[in-house]
Amino acid sequence: MVLPHLSAAHRLARYLTRNDADADDVVQEAFLRALKYFGGFRGEADQSRAWLLAIVRNTTHTWQRRHLADASVAEFDETVHSEAIADEDPGSALSRSDSRETLAAALERLPPEFREVIVLREVEGLSYKEISEVVNVPVGTVMSRLARARKRLQQALIVSDKDR
């Protein structure tokens, strides 16, 4: 029920922790929690993704508080953290890589509460209701956070484009 959502769980954890190794630890701990509390899950099978992502989010926040002192400040590097696709035209690959890096850098600069709703909506494709369940806020708050996050992301991308 939760295993099909492993990739989504790892992507969310990676965006929230900004580090692959930390994301691995968080996802492992989140899946252990999910297994431990699976008996308490009252939703339908199609709601398991939001349930699991909520556990990943909460585990990430717990993990970050626990590891605050030794938190890594490594910058997210799209070329290192993404799965490379190198078998295409080098020019277009370079352009796409540059765009990805620019977007990843802009995403990294967003405050965590904005970054998580953008990732859940635009990367994971969750509905507003599912996002509200994951982050435990009303749907209206999700909508306002998304609007502000999109605006900040747009502004960051415009500034980045002007700097070139």
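## Fold and helix packing

From the N terminus onward, the elements of the protein chain follow the order α-α-α-α-α-α-α-α. The model is a predicted one. The protein chain holds 8 helices and 0 strands. Whole-chain values are collected below.

| Property of the protein chain | Value |
|---|---|
| Residues that count as buried | 38% of 164 residues |
| Contacts joining residues at least 24 apart, among those between residues at least 6 apart in sequence | 66% |
| Accessible surface | about 9700 Å² |
| Part of the accessible surface belonging to carbon and sulfur atoms | 54% |

Two packed helices are described by the angle between their axes and the distance between the axes. For helix α2 (residues 20-36) and helix α3 (residues 48-66), the axes come within 8 Å and cross at roughly 125°. The crossing of α2 and α3 is right-handed.

Which residues form the contact between the two helices? On the α2 side, the residues are D22, D25, V26, E29, A30, F31, R33 and A34. They meet W51, L52, I55, V56, N58, T59, T60, T62, W63 and R66 in α3. By class, the residues of this contact of α2 with α3 comprise 9 nonpolar, 4 polar and 5 charged.

Terms used: Residues are numbered from 1 along each chain as its sequence is written. This is a predicted model: local features need pLDDT of at least 70, side-chain atom pairs count only at pLDDT 80 or more; totals for chains, interfaces and linings use all residues. Side-chain values use heavy atoms; hydrogens and water are left out. Axes are lines fitted to C-alpha atoms, for helices over the stretch in contact, and angles run from 0 to 180 degrees between N-to-C directions. Helices (H or I, at least four residues) and strands (E, at least two) are DSSP runs, numbered from the N terminus. A crossing is left-handed if the near helix is turned anticlockwise from the far one by less than a right angle, and right-handed if clockwise. Contact means heavy atoms within 4.5 Å. Ala, Val, Leu, Ile, Met, Phe, Trp, Tyr, Cys and Pro count as nonpolar, Asp, Glu, Lys and Arg as charged, and the others, Gly among them, as polar. Buried means under 20% relative accessible area, exposed over 50%, partly exposed in between (1.4 Å probe, protein chains only). Accessible areas come from the Shrake-Rupley method with a 1.4 Å probe; for residues, only the protein chains shown count as cover.
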